[in-house]
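Here's a quick tour for anyone new to reading protein models. Have the structure open and follow along.

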Amino acid sequence: MKEVKEVQEAKVKLPFKAEDGEQTYRSKVWPGLTLEWREGHLLMEFPAEADSISSAVYGGGAGRLKRAVNQYVSRDYECSNPVQDLENKLQEWGYPLEGCAGLMTAVPLEHAAVAEEDTGSAGIFCCVTAAAGNAARAGSQRSVLAAYRAGTINIMLGIDGWLSQSAMVNAIMTATEAKAAALTDLGITDSENGLGATGTTTDAIVIAVSGSRRYAAEHVYAGTATDLGGAIGRLVYSAVTESLRSVKAAQSESRAEAEALQAVHGVNSEASQAKQGVHAGALQAAHGGHAEVSQVGHGVQADVLQKAYGVHAEASQDARSAQPHAAQSGGRE
């Protein structure tokens, strides 16, 4: 039985979570390639036009790219025309529409993970934004989406080197397999059937290749048996894993803060309720005391009045009794 080895993850950075507030990441393996965090989006820009294949919502397919944009949108974003939305944004940001691919993500951009490697035959740059809220398993029966939704795992690959178009397609296959492997190893499942997830329902990928001859190699394959494919797999696997970990940690922190806040409000509520109870008891005791004093006062007053009226009544009765006698006596005389 073969010994199962742990996956050797590549070195990954979360450049936009750094305390120094880094806004631009410069590639170490593709000179001139930059990744910038700008308002509402990530911009991956190449030093010159590159060959590309992508599933980008805007500018997807095969073509030539100068830049790729990963736009952040809210989780409830559902639009009947995302292409127009992205085009409007690109114009707003001042980017030429030609030579631009646009993706959408609901993952906060500070969780973007970057991994790079120079294999000696190519320089590979990988950027991933990932979350697994809508994880799904390909090949299983599940519900489908009636409208476009922003990508949850977006992969942007830049390769400085020479690849045939078939090798570019092969690279996308390898990247997708690595993404599925990362989800499997993290134990992420399809919420509809409990099976291991292979991706999410809205993933997207873009690959751009410089065509540079500064490396001697000409890549016509990019499967896992090649040095190029092996590196792509490691980088994608590690970047997907790190971005997912970062998102999960942030979610756990938010839940902990919410629970702590709820606990504080609960204590304050109980203290307020107890305070109100004490105040109500004091008021009741005070009112009770006043009532008793008032009742005693009224009782004393009633006794005095009753005695006064009693004396008056007896005097009045004696007077009335004396009058008939006087009248009777006077008649006889």
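The notes below go through a helix, a strand and some charged pairs.

This is a predicted model, where local features need pLDDT of at least 70 and side-chain atom pairs count only at pLDDT 80 or more, while totals for chains, interfaces and linings use all residues. Residues are numbered from 1 along each chain as its sequence is written, and side-chain values use heavy atoms, with hydrogens and water left out. Helices (H or I, at least four residues) and strands (E, at least two) are DSSP runs, numbered from the N terminus.

**Helix 2**

- Helix 2 covers residues 165-185, and its 21 residues reach 31 Å from the first C-alpha to the last.
- That is close to the 30 Å expected at 1.5 Å a residue, where the expected span is 1.5 Å times one less than the number of residues.
- Its buried residues (buried means under 20% relative accessible area, exposed over 50%, partly exposed in between, with a 1.4 Å probe and protein chains only) include Ala 167, Met 168, Ile 172 and Leu 183.
- Lys 179 and Asn 170 are on that buried list too.
- After helix 2 comes Gly 187, with a positive phi near 75 degrees.

**Strand 14**

- All 6 of the 6 residues in strand 14 (residues 204-209) are buried, so the strand is largely enclosed by the rest of the structure.
- In a regular strand, side chains alternate between the two faces of the sheet.
- Here Ala 204, Val 206 and Ala 208 are buried on one side, and Ile 205, Ile 207 and Val 209 on the other.
- Strand 14 pairs with strand 4 in the antiparallel sense over 4 bridges; two strands pair if DSSP finds at least two bridges between them.
- Val 209 is the bridge partner of Asp 51.
- Strand 12 (residues 154-160) runs parallel to strand 14, joined by 6 bridges, and Asn 154 partners Ala 204.

**Salt bridges**

- The whole structure has 10 salt bridges, each a side-chain nitrogen of Lys or Arg within 4 Å of a carboxyl oxygen of Asp or Glu.
- One of them joins Glu 45 and Arg 67, with the closest N and O atoms 3.0 Å apart.
- Glu 45 sits in strand 4 (residues 41-54) and Arg 67 in strand 5 (residues 61-72), 22 residues apart.
- Arg 67 counts as buried because its relative accessibility is 9%.
- Arg 234 and Glu 117 form another, at 2.8 Å between the closest N and O atoms.
- Arg 234 lies in helix 3 (residues 227-332) and Glu 117 in strand 8 (residues 113-118), so this pair ties together parts 117 residues apart in sequence.
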